[in-house]
There are 2 protein chains.
Amino acid sequence: MRLTRYFLPVLKENPADAQIVSHRYMLRAGMIKQQAAGIYSWLPLGYKVLKRIEQIVHEEQVRAGHIPLLMPTLQPADLWRESGRYDDYGQEMLRIKDRQGREMLYGPTNEEMITDIFRSHVGSYKDLPLTLYHIQWKFRDEVRPRFGVMRGREFLMKDGYNFDLTKEDALHAYNRHLVSYLRTYERMGLQAIPMRADSGPIGGDDTHEFLVLAETGESEVFYDGNVTDIKLGAREIDYDNKAECAAVMEEFTSLYARTDETHDAALFEAVPEERRRSARGIEVGQIFYFGTKYSEAMGATVVTPDGGRVPVHMGSHGIGVSRLLGAIIEASHDDKGIIWPEGVTPFHCGIVNLKQGDEGTNAACESIYKALQKAGLDPLYDDRDERAGAKFATMDLIGLPWRITVGPRGLKNGVVELTSRRTGESEEMTAEAAVERVKQVYAGI
Amino acid sequence: MRLTRYFLPVLKENPADAQIVSHRYMLRAGMIKQQAAGIYSWLPLGYKVLKRIEQIVHEEQVRAGHIPLLMPTLQPADLWRESGRYDDYGQEMLRIKDRQGREMLYGPTNEEMITDIFRSHVGSYKDLPLTLYHIQWKFRDEVRPRFGVMRGREFLMKDGYNFDLTKEDALHAYNRHLVSYLRTYERMGLQAIPMRADSGPIGGDDTHEFLVLAETGESEVFYDGNVTDIKLGAREIDYDNKAECAAVMEEFTSLYARTDETHDAALFEAVPEERRRSARGIEVGQIFYFGTKYSEAMGATVVTPDGGRVPVHMGSHGIGVSRLLGAIIEASHDDKGIIWPEGVTPFHCGIVNLKQGDEGTNAACESIYKALQKAGLDPLYDDRDERAGAKFATMDLIGLPWRITVGPRGLKNGVVELTSRRTGESEEMTAEAAVERVKQVYAGI
């Protein structure tokens, strides 16, 4: 993309109403615009990152054998009466009446609807196991929406639901989700620690939240410092293998790690003192096993191998897709702006022309731009007639991990400059070498 | 995808409440499930086609130089009061009050919001031309939602908005949209004829609708039979070239083609009698130029080169993304089921194992499945333990354009069967040759 043809309305001033850094930078980098309390437009740059995050979530869900579909944003109230949650849910549920006076709601989650889909179409144990998920906009009418997309009212969530014949199978689905979530977050450059949590209005006993450590997190967390040394890394996981998924679960959850909701001071005392940590965390996902709570209430049953009929065991599993943008920025920024991890960056590489209009720099920038595109990468070429300082400030603010700077002086010596946003280090090399280096960086991502 | 691991709830019976063939087949093929009047879940097969269509729309918009963003589904009522449409829009607008009593609405379209984004961030002619678009769920509270996704209440639409300094520039944007829409529909295997139309509540003088001819269409259309001979085909278009886009507009709209709303019997008489056609059509898109209607009302102005300030010229341009599934099926089916055009098919090729469990057929099917995947294609392998007849019926119903059938008898002679869904013709060849042929088919798509 050439910047002169793009829509990137960066702000020079810090917006007054933004209290945390991710909100501030998302506004300043022209990523979002507030349209009402807790409701945002995703401007082109923000939309691009949102799509990259959504794509990673899709890929890892499909890899785990889960099947995508899409449920609507609006739901009939009657479905929620069946589970008893229509009255329980309180004021966070946005209730709507259509022109015929029918009671509807903007879905805050989808347990009821997915159970309805299941019971309408599945009747036999032979069709299990089954995990369906979607990525769809939700609405929760928060009293005090704040922190930008971190606590919005209209937000994008991935929610998935497993249907299994037995508790054992459902717990495998639970473990499988844990593994797939770990991989999802790692691909985004995030460390999200699974912590024993409280189930809240979803119900059920088994639940873990995934927390990203950050000073601005809404939850207080307590953990064994060794927890942060565990990584999934590049290991291959067979998602059908129960023992393998259970072992990962065990590895990632046997050390102490809890939110304030489930914190147990006595248990925490058992952690060696030098490894006891307390910090703040941002919740970016949660997994639940809740057994037959919804299947019993709503009649989602299957015929068993011996001809009986039982309610299915279920769980639900969510990732806060739009909130992840905020979490990533909270975890990865400096005082100049955002530092995108390579896995989610809106553009792979910036190109800065230090002397726009100069025949030599223009030609070199064009050639780098085309070479990167030819390699399947998505560069952003700052082709504005602006001072170098303004161009660098924009690139630093929007946080592209790599920048190629092209100036007349370097070109005389046959070199351009390749700069890492994260380290700030620059290296001179030929344009071809810079393109090759950027290709290498992204080859494994 | 292996069918035993997929969620494809096909129905044997014709659903009683479905009046038109696309609605019937979408229900029978397990593509959608109604959740409330005019509100549908997109089951996995339907979701896949929806995504393919969305992807084509995105690609052609980006090719035309238009920039994607995403506006929220809910909008504040005050924005619509500025344009005067809050009171005008009537009962089709779903009006909502949040917990604080603030008036909101579920967006039926986005002229006001995009104008708000523009006026907040753009102030100079130097930032023009600019065209922003999004693909987002909309809601129109139809009195009688019917025909499945063809006339739903919650529906997916691409809506784009151009901002230009002059009427001339805005008319270029109009022509550019016409060209990009023609290409979009052709890639989906559809012929959509641009017809002079009525502007309705959007306002403005210049507007064309795109209509797909089909017996079940909601509009009566009148046209010169030569219109259907015009194709865009593979020609390269420079979307920045005003004369080139204007020439395509001229070519596609100079012959008589109008909906009943704008039909002019006297003009129609001028068409040679043997070329006069009347038929029914399904509207799948519409383009508008409406000048300064919204920019004046909402103060979206820019500084001109000579230092003045003028309201921008705008247009809006929509494609009914979810409705397109219905339109494509109406235009492409037979009495056995859907016939997907290659550009939008949910899976590229079906694989039918005639003797599930047989060592030879299993191995051959696996090898074909993997070879197709390796070629970047997405096959559906019917690995159920079912009779051949049931497998063929499912494949015909869900409409994959190509099927490879593997049976023990053929394998003895070293052949499998490749069948075209459209022609019904089968040909025997080696498995390798069949894979190669399918690869060839999709190479240009």
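In what order do the strands of the open sheet of five strands in chain A run? I will come back to that after a word on conventions.

This is a predicted model, in which local features need pLDDT of at least 70 and side-chain atom pairs count only at pLDDT 80 or more, while totals for chains, interfaces and linings use all residues. Residues are numbered from 1 along each chain as its sequence is written, chains are lettered from A and ligands numbered from 1 in the order in which they are written, and side-chain values use heavy atoms, with hydrogens and water left out.

Now the sheet. The order is 20-19-21-22-23 in chain A, and the pairing is mixed. Strands here are DSSP runs of E with at least two residues, helices are runs of H or I with at least four, and both are numbered from the N terminus. Two strands pair if DSSP finds at least two bridges between them. At the edges of this sheet are strand 20 (379–382) and strand 23 (426–429) of chain A, each pairing on one side only. From one strand to the next the twist averages 20°; for such angles, axes are lines fitted to C-alpha atoms, for helices over the stretch in contact, and the values run from 0 to 180 degrees between N-to-C directions.

Inside that sheet, strand 21 (residues 402–406) and strand 22 (residues 416–420) of chain A run antiparallel and are joined by four bridges. One residue to look up is Thr405(A), whose bridge partner in strand 22 of chain A is Glu417(A).

Next, strand 13 (residues 276–291) of chain A. Strand 10 (residues 206–213) of chain A runs antiparallel to strand 13, with eight bridges between them, and Glu209(A) stands opposite Gln286(A). Strand 11 (residues 219–224) of chain A also pairs with strand 13 in the antiparallel sense, over six bridges; there Asp224(A) has Arg276(A) as its bridge partner. Strand 16 (residues 313–320) of chain A is joined to strand 13 by six bridges, again antiparallel, and Gly291(A) faces Met314(A) in strand 16.

In chain B I will show one sheet. It is open, has three strands in the order 4-6-5, and its pairing is antiparallel. Strand 4 (74–76) and strand 5 (94–97) of chain B are at the edges with a single partner strand each, so one side of each has no neighbour in the sheet. Neighbouring strands are turned by 35° against each other on average, direction ignored. Strand 5 and strand 6 (residues 103–106) of chain B pair over four bridges, with Arg95(B) partnered by Leu105(B).

How many residues of chain B are in contact with chain A? There are 56, and they touch 56 residues of chain A, contact being heavy atoms within 4.5 Å. The two chains bury about 4900 Å² between them, 60% of it on carbon and sulfur atoms. Buried area is the accessible area (1.4 Å probe) that two parts lose on being put together, summed over both. On the chain B side, Phe7(B), Leu70(B) and Arg99(B) lose the most area to chain A, together 15% of what that side buries.

Across the same interface of chain B and chain A there are six salt bridges, meaning a side-chain nitrogen of Lys or Arg within 4 Å of a carboxyl oxygen of Asp or Glu. Lys33(A) with Asp116(B) forms a salt bridge, the closest N and O atoms being 3.0 Å apart.

Over all chains the count is 66 salt bridges. Arg187(A) and Glu59(A) form a salt bridge, with closest N and O atoms 2.8 Å apart. That pair links distant parts of the chain, 128 residues apart: helix 6 (residues 167–187) holds Arg187(A) and helix 2 (residues 44–63) holds Glu59(A).

Last, some backbone items. Most residues other than glycine have a negative phi, and most peptide bonds are trans. The bond from Leu128(A) to Pro129(A) is cis, with omega near -5°, and Pro129(A) lies in the loop between helix 5 (111–121) and strand 7 (130–139) of chain A. In chain B the bond from Leu128(B) to Pro129(B) is cis, with omega near -5°. Phe147(A) has a positive phi, near 60°, and is found in the loop between strand 7 and strand 8 (154–164) of chain A.
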